[in-house]
Amino acid sequence: MEVLLNKDGGTLVASISGRINTATAPQFEKELIPALDGVEELILDMTDLLYISSAGLRVILTAQKVMARQGNMVLRNLKPEVYEVFEMTGFVDFLTIE
Amino acid sequence: MDLTIEAKVENIEPLTDFVNSQLEAMGCSLRAQSQIDIALDELFSNICHYAYGGKTGHATVSVEELPEENAVQITIKDYGIPFDPLAHDDPDVSLGIHERSIGGLGIFLVKKTMNDLRYEYRDGCNVITVVKTL
């Protein structure tokens, strides 16, 4: 799993690649959540994300709660397998997926 | 084929590689493969966190093709405390963001995506069997 952060003013693009599982989710959290300071628009680019398990959903939930207080969060370019996880768990109801 | 490894979360990576290489040889679809990878992560992490009560222990994973059903059967065995991960109610997936917790979502995902999911305690082992169409 790798997270590439690209910050431009109040906009942060986080490009996530590989697997978010029980082993990599703590690293995902450690890299993403502290970077949200001062961010108004968070874009999670999931083009190269192979899959996300429930350990990763917890981090997405934390990020969504932080961004709900200070701006917007958008998930982009999800593979169908990744979208399906958000759909089955009902996360699509409170996430913005483009 | 079997793989026995120490039940610690870092080992989900070699475990996933081990299972994926066999799925690829069976001609498994990418969609089924990613669902199986998620199921492995949820089931193996449960074992890492709960089976040995903080002590170290092992898990054995075996992968078997079921040609007549065009499916794969994966068995995950541990030698720890008897624990049935399926004996919980499904989480409420209609709750809003502020009421949400992650507890139970992993096993829920496994139930939704696998064709069959069984637990038994047999010969001093927790045995979880999943079947998934390739």
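**Contacts, helices and strands**

Biologist: How many residues of chain B are in contact with the 20 residues of chain A?

Modeller: This is a predicted model, in which local features need pLDDT of at least 70, side-chain atom pairs count only at pLDDT 80 or more, and totals for chains, interfaces and linings use all residues. Residues are numbered from 1 along each chain as its sequence is written, while chains are lettered from A and ligands numbered from 1 in the order in which they are written. Two residues are in contact if their C-beta atoms, placed from the backbone, lie within 7 Å. On that basis, the 20 residues of chain A have contact partners in chain B that number 22.

Biologist: Which element gives the most residues to the side of chain A that touches chain B?

Modeller: Helices (H or I, at least four residues) and strands (E, at least two) are DSSP runs, numbered from the N terminus. At least two residues of this side come from each of β3 (41-52), α2 (54-70) and α3 (80-88) of chain A. With eight residues, the element that gives the most is α2(A).

Biologist: How many residues of that side of chain A are nonpolar?

Modeller: Ala, Val, Leu, Ile, Met, Phe, Trp, Tyr, Cys and Pro count as nonpolar, Asp, Glu, Lys and Arg as charged, and the others, Gly among them, as polar. Seven residues of the side that touches chain B are polar and three are charged. The nonpolar residues number ten.

Biologist: In what order do the elements of chain B run from the N terminus on?

Modeller: Chain B has three helices and five strands. Read from the N terminus, their order is β-α-α-β-β-α-β-β.

Biologist: Why is chain B described as being as compact as a globular protein of its length, and what is its radius of gyration?

Modeller: The radius of gyration is taken over C-alpha atoms, and the globule rule is 2.2 Å times the number of residues to the power 0.38. The C-alpha atoms fill a box of roughly 45 × 35 × 25 Å along the principal axes. For 134 residues the rule gives 14 Å, and chain B is close to it, so it is as compact as a globular protein of that length, with a radius of gyration of 15 Å.

Biologist: At what angle do the axes of α2(B) and α3(B) cross?

Modeller: Two packed helices are described by the angle between their axes and the distance between the axes. Axes are lines fitted to C-alpha atoms, for helices over the stretch in contact, and angles run from 0 to 180 degrees between N-to-C directions. The axes of α2 (residues 30-51) and α3 (residues 105-113) of chain B come within 9 Å, and the angle at which they cross is roughly 145 degrees.

Biologist: Which residues of α3(B) meet α2(B)?

Modeller: On the α2(B) side, the contact comprises Gln35(B), Ile38(B), Ala39(B), Glu42(B) and Leu43(B). The residues of the contact, from both helices, divide into six nonpolar, three polar and one charged. In α3(B), the partners are Gly106(B), Ile107(B), Leu109(B), Val110(B) and Thr113(B).

Biologist: Which elements are among those that cover the buried residues of α3(B)?

Modeller: A residue is buried if 20 or more other C-beta atoms lie within 10 Å of its own, exposed if 12 or fewer, and partly exposed in between, with C-beta atoms placed from the backbone. The buried residues of α3(B) are Leu105(B), Gly106(B), Ile107(B), Leu109(B), Val110(B) and Thr113(B). Their cover includes α2 and α3 of chain A together with α2 and β4 of chain B.

Biologist: How many of the seven residues of β4(B) are buried?

Modeller: Strand β4 (residues 116-122) of chain B is hardly covered. The count of buried residues in β4(B) is zero.

Biologist: Which residue in the turn between β4(B) and β5(B) has a positive phi?

Modeller: Two strands pair if DSSP finds at least two bridges between them. Strand β5 (residues 125-133) of chain B pairs with β4(B) in the antiparallel sense over seven bridges, and Leu117(B) stands opposite Val130(B). The two strands form a hairpin with two residues between them, and the turn residue with a positive phi, about 50 degrees, is Asp123(B).

Biologist: Which are the edge strands of the open sheet in chain A?

Modeller: This sheet has four strands in the order β1-β2-β3-β4, with mixed pairing. The twist averages 15 degrees from one strand to the next. The edge strands each pair on one side only, and they are β1 (2-8) and β4 of chain A.

Biologist: Which residue of β2(A) is the bridge partner of Leu4(A)?

Modeller: Strands β1(A) and β2 (residues 11-20) of chain A run antiparallel and are joined by seven bridges. The partner of Leu4(A) in β2(A) is Ser15(A).
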